[in-house]
Amino acid sequence: MSEERREAQYPARLKALHWLVAGLVLAVWPLGYFIRFTRDEVKLDFYLLHESLGFLVLWLMLLRVGARLTAPALPDAAPGLEGVVARAVHGLLYLLLVVMPVSGFLATNAHGFPLSWFGLIPVWSPIGKAPEIAPIFSAIHAWSAWILLASFALHLLGVLYHHLIRRDSTLFRIL
Ligand code: HEM
Ligand code: HEM
C-alpha cells in the first residue's frame, strides 16, 4: 500500500464502528418497519429485538462520535462542492443515528413499555408512562426513519459514484 493511500485510510476503530453500526442499522430498520405486519404471538419478540439492537446503536454512536473527534483529520474524498455534500450527508447520518434510538427509547417508555435490554437488563428512563407526549416521540422516530433511509440512499449513490464513475479509492478508505 502506498504511503499516500495509507494516510487516506480511516483509523481501524472508525472502520470497525462504521461496519458494526451499518450492519446493525440494516437489520434494525426493517425489523422496525415490519413489526406492524407480524402476527400477535411474535410481535413482542420483534419489538424486543428491534429495541435492544437499536439501543446498542446509541452506545456505539456515542463511542463513534468520541473516536471521530479524536481521530486525525482525513482529507476530503472529493474537492469543492462534492466534498461539502459528502460531509453534510455524513453529518446528517451521525445525527440521525443518535436521534433514532433516543426517540424510539423515549417513545416506548412514554407508551408505557419500558425497555428491558434483550429481556435481561431493565434500562432506567428519564421519563415514565406519558401517553400525552408518546405520539410526538413516535412521530419523530417514524419521520427520522424515512430521512435516514433517504440519507443512506444518497450515501450509497455517493459511494457508487466514486467507485464506478470517478474510479477513485474512496471505498478503500473505509475497508
Ligand atoms: C438505529 C436505531 C433505530 C432504527 C433505525 C429504527 C427504525 C425504526 C423503523 C423504520 C420503525 C417503523 C417506523 C414506522 O412506523 O414507519 C420503527 C418503529 C419503532 N421503533 Fe425503532 N428504530 C431504532 C431504534 C429504536 C429503539 C432503541 C427503540 C426503543 C428502545 C425503538 C422503538 C420503536 C418502536 C416502539 C416502534 C413502533 C412505532 C412507534 O411507536 O414509534 N426503535 N423503528
Ligand atoms: C452498506 C454499504 C455501505 C458502504 C459501501 C459504505 C461506504 C462508505 C465509505 C466508502 C465511506 C467513506 C467516505 C469518505 O471517505 O468520504 C463511508 C463513510 C460513512 N458511512 Fe458508510 N457505507 C455503507 C453503509 C453505511 C450505513 C448503513 C450507514 C449509516 C446508516 C453509513 C454511514 C456512514 C457515515 C456516517 C460515514 C462517515 C464516517 C466518518 O466520517 O466518520 N454507511 N461509508
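Tutor: Start at ligand 1, where a nitrogen atom lies 2.8 Å from a polar side-chain atom of His50. Keep in mind that this is a predicted model.

Student: Which polar side-chain atom lies 2.9 Å from an oxygen atom of ligand 1?

Tutor: That one belongs to Arg36. His141 also has a polar side-chain atom 2.8 Å from a nitrogen atom of ligand 1.

Student: What coordinates the iron atom of ligand 1?

Tutor: His50 and His141 do, each through NE2, at 2.0 Å. His50 is in helix 3 (residues 40–70) and His141 is in helix 5, so the two tie together parts that are 91 residues apart in sequence.

Student: And what is the geometry of that site?

Tutor: Octahedral, with angles of 88 to 179° among the six donor atoms.

Student: Is His50 buried or exposed?

Tutor: His50 counts as buried, because its relative accessibility is 15% and the cut-off for buried is under 20%.

Student: How many residues surround ligand 1?

Tutor: There are 22, and the closest include Gly104 and Ser138. Helix 3 gives the largest share of that shell, six residues.

Student: Which pocket does ligand 1 sit in?

Tutor: The second largest pocket. Helix 2, helix 3, helix 4 (80–110) and helix 5 are the elements that give two or more residues to the shell around ligand 1.

Student: OK, on to ligand 2. Where does ligand 2 sit?

Tutor: In the largest pocket. Two or more residues of the shell around ligand 2 come from each of helix 2, helix 3, helix 4, helix 5 and helix 6 (170–173).

Student: Which protein donors does the iron atom of ligand 2 have?

Tutor: His18 and His155, both through NE2, lying 2.0 Å from the iron. His18 lies in helix 2 (residues 12–34) and His155 in helix 5 (residues 134–166), so this pair ties together parts 137 residues apart in sequence.

Student: Does His18 count as buried or exposed?

Tutor: Buried, at 15% relative accessibility.

Student: Which side chains have an N or O atom 2.5 Å or 2.7 Å from an oxygen atom of ligand 2?

Tutor: For Arg68 the distance is 2.5 Å, and for Arg173 it is 2.7 Å. Tyr10 has a polar side-chain atom 3.2 Å from an oxygen atom of ligand 2.

Student: How many residues surround ligand 2?

Tutor: 19 residues, with Tyr94 among the closest.

Technical notes:
Residues are numbered from 1 along each chain as its sequence is written. Chains are lettered from A and ligands numbered from 1 in the order in which they are written. This is a predicted model: local features need pLDDT of at least 70, side-chain atom pairs count only at pLDDT 80 or more; totals for chains, interfaces and linings use all residues. Side-chain values use heavy atoms; hydrogens and water are left out. Donors are N, O and S atoms within 2.8 Å of the metal (3.2 Å for Na, K and Ca); water is not among the atoms, so sites may look incomplete. Helices (H or I, at least four residues) and strands (E, at least two) are DSSP runs, numbered from the N terminus. Buried means under 20% relative accessible area, exposed over 50%, partly exposed in between (1.4 Å probe, protein chains only). Four donors count as tetrahedral if all angles lie between 85 and 135 degrees; four count as square planar and six as octahedral if opposite donors are over 155 degrees apart and all others between 65 and 115; anything else is irregular. A residue is near a molecule or strand if one of its heavy atoms lies within 4 Å of it. A polar contact is a pair of N or O atoms within 3.5 Å; within protein, one must be able to donate a hydrogen and the other to accept it, and residues adjacent in sequence count only if both atoms are side-chain atoms. On a 1 Å grid over the protein atoms alone, a cavity is a set of points where a 1.4 Å probe fits but cannot get out, and a pocket is an open set with protein on both sides within 12 Å along at least five of seven lines; lining residues have an atom within 4 Å of a point. A molecule sits in a cavity or pocket if more than half of its atoms lie within 2 Å of its grid points.
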